[in-house]
Amino acid sequence: MKKGLSTLFVSLFVVGNFSSAALADSEIKSVVNEFEGTEVINGEAVEYTGVEVTSEEELESTHEFVAFAKAGKRNASVVAKKPLFTDFYATAKSTATYKQNTIGAKIRVLKDDGRSLGSKSDSQKNSTIASATVYPGHIGPTRTTAYGNHTFKRTGFKDWFPETKKTF
């Protein structure tokens with residue numbers, strides 16, 4: 001009887017630790033980074049502002065073959081650039097450490113009143129990067145928002161569809 005109870009206790013201990021490890025993996029959070037600055041492009045000062053979201057890839061299940069796959073990072077960003085002498089433009093970019101079965105980026109630029117100033121998308125198979133840029137022209141004095149919609153799909157890992165947004 002004692003031997004049976006000790007085996008049961010050890011079994012529960014191992015299962016309990018495995019469940020805790022699996023739970024910890026499912027609680028991975030995204031990190032958001034907002035940035036702005038000025039850079040020189042073709043001799044012209046260009047102001048930029050943007051936001052980037054970074055997340056670790058999360059395993060879809062605990063299937064034994066998938067458990068050995070390496071998880072990488074996924075980055076989704078939207079950047080708006082305002083050159084001094086030329087028209088404004090915005091870019092949505094999706095990047096990953098490891099090739100994704102499908103990776104995509106879509107950029108939409110909207111005025112405060114909801115009027116679209118343009119959109120463009122890019123989708124790639126078996127790649128680590130997708131990027132789309134839209135050139136909506138002169139934006140004027142009203143607030144404008146750039147939306148980036150991103151797609152990350154990799155076999156064995158959870159799909160991720162973040163939206164990045166930057167108002168300027």
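Colleague: Reading along the sequence, what pattern does the protein chain follow?

Modeller: Keep in mind that this is a predicted model. Read in sequence order, the pattern is α-β-β-β-β-β-β-β.

Colleague: How much of the protein chain counts as buried?

Modeller: Buried here means under 20% relative accessible area. The chain has 168 residues, and the share of them passing as buried is 37%.

Colleague: And strand 6, how many of its residues are buried?

Modeller: Strand 6 spans residues 144-153, ten residues in total, and is mostly covered. The buried count is seven.

Colleague: Which residue is the bridge partner of Gly 104 in strand 6?

Modeller: Start with the pairing: strand 4, residues 88-111, runs antiparallel to strand 6, with ten bridges between them. Gly 104 has its bridge partner within strand 6, and that partner is Thr 151.

Colleague: What share of the contacts with a separation of 6 or more comes from residues 24 or more positions apart?

Modeller: A contact needs heavy atoms within 4.5 Å. Taking those in the protein chain with a separation of 6 or more, the part from residues 24 or more positions apart is 58%.

Colleague: Last one: what part of the accessible surface belongs to carbon and sulfur atoms?

Modeller: The protein chain's accessible surface totals about 10500 Å². Of that area, carbon and sulfur atoms hold 55%.

Methods. Residues are numbered from 1 along each chain as its sequence is written. This is a predicted model: local features need pLDDT of at least 70, side-chain atom pairs count only at pLDDT 80 or more; totals for chains, interfaces and linings use all residues. Side-chain values use heavy atoms; hydrogens and water are left out. Buried means under 20% relative accessible area, exposed over 50%, partly exposed in between (1.4 Å probe, protein chains only). Helices (H or I, at least four residues) and strands (E, at least two) are DSSP runs, numbered from the N terminus. Two strands pair if DSSP finds at least two bridges between them. Accessible areas come from the Shrake-Rupley method with a 1.4 Å probe; for residues, only the protein chains shown count as cover.
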